[in-house]
Amino acid sequence: MLLPHKKFRITILVLLVTLPMLWVFTGFKNEVIREIPKDKKWSERMALSIMMRNPSPLQLDFRETPKWEYTQGLVLKSIEKLSNVTKDKSYQQYVEKYADEMIDAKGEIATYNITDFNIDRINPGRILFKVYNETKEEKYKIAIETLREQLKWQPRTKEGGFWHKLRYPWQMWLDGLYMGSPFYAEYAKINNETEAFDDIAKQFILIEKYTRDEKTGLLYHGWDESHLQDWSNDKTGKSLNFWGRAMGWYAMALVDVLDYFPADHPQRAELITILNRTIEAVEKYQDSESGVWYQVLDQGDKKGNYLEASGSCMFVYAIAKGVNKGYLDKKYIKVAEKGYEGVLNEFVEVNEDNGEVHIHNVCAVAGLGGDGNRSGTYEYYVNEPKRSNDPKATGPFIQASLELNK
């Protein structure tokens, strides 16, 4: 038998190595998106831009290695909602690709460790309900049950509020309400866990009780029950500032959880009241000129503060959905429309050559305590890095666009 020429053998070897990578990084039809049609709605233009920049969903959030993370969950849930509206199956295929790659045949989730009790890791599970419903693959059901199991054992404050993470003892953060509660509520509805809705309502009520500022109506980023953290007030346990995105997470969590809350649940009305209180406060700090919101909500005139995209998109989404669902007075639609116009004017840029949509001025990350000097001071929030096309803005932008299209 004659062996192929050495150069030919090398070519074959290269193809065998690279073809699987091309499958991962160029999508499911082995096609690269090269141009975004400018006649499509903003929701699709942003989703297609995300897919252009990240042909594989494993690349989301600027990743070089896969991770089970809340940011991927946020973007993919947004794209799932877009698929539901447009009926374009390619969007849901993009979502399913992430689930399929991250969850093995045994239902084990790559990079996930239940004993971290990190509530951020619950959020990606939201995409699994539809994936399981459509594929009926047992591995997705197992993964869903694993995430539910985490919530059963999630450490809690003395009154039953979920800790943000095991390594953040006695702390509730506004972010955590979005990370855990919508998944918890959808699971409860599907599995008829009626008693779970009492627990879900408790999470919102407790964190509002301990973070709300009576003077402004705004909510502080976090609360430390022990009052021992460097970032917490010695007397109240509250953190020091009103971070825009933290309140954005909370507002989005409220409108999403209400999708699943039983109409006759005694605390449903209380959650709607909390939503109204929250949006009433948020409206007061909408920048009158631009229509969007500042990184530190109540200090727009202070040096270093800046108009921030992710929190602004979150507020627009929550307000528009709240009006569409009848939770908020119709007058608030003007607030959402002004905010959306501001997002387009202040943050959104479109490449003239290929129609790719970018969103700028996104706070990359902010937290409290833990690694690094995350002090919760004004200087801390305004000096955290900013970046473009961060999923914490692109996902809410898609959802805000969908709501305003209604």
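These are my notebook entries on a few places I looked up in this structure.

**Ground rules.** I am working with a predicted model, in which local features need pLDDT of at least 70 and side-chain atom pairs count only at pLDDT 80 or more, while totals for chains, interfaces and linings use all residues. Residues are numbered from 1 along each chain as its sequence is written, and side-chain values use heavy atoms, with hydrogens and water left out.

**Helix α3.** I took helices (H or I, at least four residues) and strands (E, at least two) as DSSP runs, numbered from the N terminus. Helix α3 covers residues 70–86, 17 residues in total. From first C-alpha to last it reaches 24 Å, close to the 24 Å expected at 1.5 Å a residue; the expected span is 1.5 Å times one less than the number of residues. I then looked up burial, where buried means under 20% relative accessible area, exposed over 50%, and partly exposed in between (1.4 Å probe, protein chains only). Because 14 of its 17 residues are buried, α3 is largely enclosed by the rest of the structure. Lys87 follows α3 and has a positive phi, near 65°.

**Largest pocket.** I searched on a 1 Å grid over the protein atoms alone: a cavity is a set of points where a 1.4 Å probe fits but cannot get out, a pocket is an open set with protein on both sides within 12 Å along at least five of seven lines, and lining residues have an atom within 4 Å of a point. Grid points are joined across faces, edges and corners, and a volume is the space filled by probe spheres set on the points. The largest pocket has a volume of about 440 Å³. Its lining has 26 residues, with Glu69, Tyr70, Asp120, Val365 and Arg374 nearest the centre. Helices α3, α7 and α9 (244–257) each give two or more residues to that lining. I sorted residues by class (Ala, Val, Leu, Ile, Met, Phe, Trp, Tyr, Cys and Pro nonpolar; Asp, Glu, Lys and Arg charged; the others, Gly among them, polar). The pocket lining divides into nine nonpolar, three polar and 14 charged residues.

**Largest cavity.** I found one cavity of 30 Å³ or more in the whole structure. The largest cavity holds about 80 Å³ of space. Its lining has seven nonpolar, five polar and no charged residues. The largest share, four residues, comes from α7. Among the lining residues are Phe162, Met172, Leu177, Ser181 and Gln203.

**Gln203.** This residue sits in helix α8 and counts as buried at 2% relative accessibility. I checked polar contacts (N or O atoms within 3.5 Å; within protein, one able to donate a hydrogen and the other to accept it, with residues adjacent in sequence counted only if both atoms are side-chain atoms). The side chain of Gln203 reaches the backbone nitrogen of Phe162 at 2.8 Å. For contacts I used heavy atoms within 4.5 Å. Not counting residues up to four places away in sequence, Gln203 touches several residues, including Arg156, Gly160 and Met172.

**Thr216.** I found Thr216 in the loop between α8 and β2 (222–224). Thr216 is buried, at 12% relative accessible area. Its side chain makes a polar contact with the side chain of Asp213 at 2.8 Å. A polar atom of the Thr216 side chain also lies 3.1 Å from the backbone nitrogen of Leu218. Leaving aside neighbours within four places in sequence, Thr216 is in contact with Phe242, Ala281 and Tyr285.
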